[in-house]
Amino acid sequence: MTAASRQRPTTDSMRTQLPPELVDRTGCPFDPAAGVTDLSARGPVHQVTATNGEVVWLVTGHDEARAVLSDPRMSADRFRNPRLLARVPQEMREQLLSPKARAGGFIAMDAPEHTRYRRLLTGQFTVRRMRMLTPRIHEIVTDRLDAMIAAGPPADLVRDFALPVPSLVICELLGVPYDDRDSFQHRTAQLLNLETPLEQLIEARDELRAYMIGLVRSKREHPADDLLSGLIQDGDLDDDELAGVANLLLVAGHETTANMLGLGTFALLEHPDQLAKLRADPSLAEGAVEELLRYLSIIHMGPFRFATAEVELGGVVIPADSTVIISVPAVNRDAEQFPDPGALAVDRPRGHHLSFGHGIHQCLGQQLARVEMAVGFTELLRRLPGLRLDVPARQVPTRDTMVVFGVHSLPVSWDA
């Protein structure tokens, strides 16, 4: 073994991952891991050992999670953690922390840097603007369903509907050519796969950045009516910052909604009483979206925070320089916040789930995602009578190694 290979970091050594019993959802893909459910019953904050040996703090209580996400002592910049950096070889540390590579990545920034980016983007993601996009979203959903119906059953709902709908929407919003989707979806999958080695992560990130730099420069010369052109015209961001912001929105804008559409449909098919209720009363769609977001919690590993000072949380003292991980699936099943939390109820009164986060880092695109899901689920059930799984439920492949949980494919059929 060479010196270089001995220094090459493995996924286990580089990433803070929870033990399998705290993330494994293979028993039931809709429920939190059994180990997390057990911990939740014992309290809201827990000290656990990650697979790389790091001692971390896992938050399973709803109120405690909100407190973490609104506390300025809980930093979103994990690269401030000296123990994390100590595990990174020097040459890779320079690549990870280079200003060009981190420019625009406001999701991993604290105030005031985060505030600057957030202020520029907030005006682009107003409820009013998202509502104005609704007719176009209807067109995209209708086109995809027309194609599915024309081809006839069976179909893979992920490939034919759940992935293309949000991809088309975010590409149109940002001004990214949809024909480039295979390239950015492949690199996005690498970035979100917990088993991707660090070297490949850096390579995929840099390739996405190079692609977006080219698009930004093209938009500077030939602006259009899209969000990226608007940021160029209205802001003072340089090319690196614009590329970072655009890639963050591109990745988040199609991965999360695509997996909610796929896993959400799977959940409805496995709860036929709730599917029938939603099919009979489409006015329940917006509330059903909130319930599916709560019930499924596809962001199942994080968010992560780094304690810059000693913090007391849920009766536990968390030392400075500690990694804090919020278990969104556990938080969204907190019995003190949600009656009968393990049940899927599409007519449940709207509650304060944390699927879009909380505080200054709350998801900017949440209104867009809500519209896409409400339209998507409504039209899917209206246009495909008798929608059903085309394989036994246990054969549906789940995204067990991905940061964003969901299904890789969903074979379905319907009454043609």
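View 1. Strand β2 and strand β8 (residues 323-326) run parallel, joined by 4 bridges. Before going further: this is a predicted model, so local features need pLDDT of at least 70, side-chain atom pairs count only at pLDDT 80 or more, and totals for chains, interfaces and linings use all residues. Residues are numbered from 1 along each chain as its sequence is written, and side-chain values use heavy atoms, with hydrogens and water left out. A word on terms: helices (H or I, at least four residues) and strands (E, at least two) are DSSP runs numbered from the N terminus, and two strands pair if DSSP finds at least two bridges between them. Look for Leu58, whose bridge partner in β8 is Ile325, and for Val56, which stands opposite Thr323 in β8. Strand β2 (residues 55-59) has 4 of its 5 residues buried, so the rest of the structure largely encloses it; buried means under 20% relative accessible area, exposed over 50%, and partly exposed in between (1.4 Å probe, protein chains only). What covers β8, one face or both? Both faces are covered, with Thr323 and Ile325 buried on one side and Val324 and Ile326 buried on the other.

View 2. Two pairs to pick out are His46 with its bridge partner Leu58 in β2, and Thr49 with Val55 in β2. The two strands make a hairpin with 5 residues between them. In the turn sits Gly53, with a positive phi of about 90°.

View 3. Contact, here and below, means heavy atoms within 4.5 Å. Over on the β5 side, β5 and β8 run antiparallel with 3 bridges, and Phe304 stands opposite Ile325 in β8.

**View 4. The three-stranded sheet.** This open sheet has the order β4-β10-β9, and the pairing is antiparallel. Its edge strands are β4 (155-156) and β9 (388-389), each pairing on one side only. β9 and strand β10 (residues 411-413) run antiparallel and are joined by 2 bridges.

**View 5. Where α16 crosses α18.** The axes of helix α16 (residues 239-269) and helix α18 (residues 285-296) come within 10 Å and cross at roughly 90°. Axes are lines fitted to C-alpha atoms, for helices over the stretch in contact, and angles run from 0 to 180 degrees between N-to-C directions. The two helices are therefore roughly perpendicular to each other; that label covers 65 to 115 degrees, while under 35 counts as roughly parallel, over 145 as roughly antiparallel and the rest as oblique. Met260, Leu263, Gly264, Ala267 and Leu268 of α16 make the contact with Leu292, Leu293 and Leu296 of α18.

View 6. Ser355 sits in the loop between α19 (328-331) and α20 (366-383). Is Ser355 buried or exposed? Ser355 is buried, with a relative accessible area of 17%. A polar atom of its side chain lies 2.7 Å from the backbone oxygen of Leu293, and a polar contact of 2.9 Å joins the side chains of Ser355 and Asn332. A polar contact is a pair of N or O atoms within 3.5 Å; within protein, one must be able to donate a hydrogen and the other to accept it, and residues adjacent in sequence count only if both atoms are side-chain atoms. Leaving aside neighbours within four places in sequence, Ser355 is in contact with Leu293, Arg294, Ser297, Val328 and Asn332.

**View 7. Gln366 in α20.** Gln366 belongs to helix α20. Gln366 is buried, with a relative accessible area of 12%. Its side chain reaches the backbone oxygen of Cys363 at 3.0 Å.
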